[in-house]
Amino acid sequence: MEERRGRLPALNALRAFEASARHLNFRLAAEELGVTQGAVAQHVRGLEADLGIRLFNRLPRSLALTDHGRGYASHLRQAFELMREARRLHCAPRLHT
């Protein structure tokens, strides 16, 4: 169990969850990410299984974040923002030759 806790979840699953958390909708998250709605739902289900927590309550026509999901989404948004900032600060723009 300790080994599992130190391993990072798949990046695609994290992206699918973060987009779904912002939109509270798998379809809109899928459109943003350029994948199918089913792929987003599958990534989120896998992430929930991997973490051992429920991130969303599935409602008839929408999603609602659980308390765990709300906290996890907040931290992921910060992590993605740090990655965007690192790229902005440390990566040169593409050179066109």
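Mentor: Start with R27 and E31, which both sit in helix 3, four residues apart, about one turn of the helix. Keep in mind that this is a predicted model.
Trainee: What do R27 and E31 form?
Mentor: A salt bridge, with the closest N and O atoms 2.8 Å apart.
Trainee: Is E31 buried or exposed?
Mentor: E31 is exposed, at a relative accessible area of 52%. R27 is partly exposed, at 40%.
Trainee: How many salt bridges does the structure hold?
Mentor: Eight. One of them joins E32 and R22, at 2.6 Å from N to O.
Trainee: Which parts does that pair tie together?
Mentor: E32 lies in helix 3 (residues 26-33) and R22 in helix 2 (residues 11-23), so the bridge ties together parts ten residues apart in sequence.
Trainee: And which residues are linked in a network of salt bridges?
Mentor: E18, R22 and E32.
Trainee: Switching to helix 5. How far apart are R88 and E85 along it?
Mentor: Three residues, about one turn of the helix. Their side chains meet in a salt bridge, 2.7 Å from N to O. R88 is exposed at 57%, while E85 is partly exposed at 29%.
Trainee: Last one. Where does R45 lie?
Mentor: In helix 4, residues 37-51. R45 is partly exposed, with a relative accessible area of 48%. Its C-alpha is 8.8 Å from that of A13, 32 residues away along the chain.

Terms used: Residues are numbered from 1 along each chain as its sequence is written. This is a predicted model: local features need pLDDT of at least 70, side-chain atom pairs count only at pLDDT 80 or more; totals for chains, interfaces and linings use all residues. Side-chain values use heavy atoms; hydrogens and water are left out. Helices (H or I, at least four residues) and strands (E, at least two) are DSSP runs, numbered from the N terminus. Buried means under 20% relative accessible area, exposed over 50%, partly exposed in between (1.4 Å probe, protein chains only). A salt bridge is a side-chain nitrogen of Lys or Arg within 4 Å of a carboxyl oxygen of Asp or Glu.
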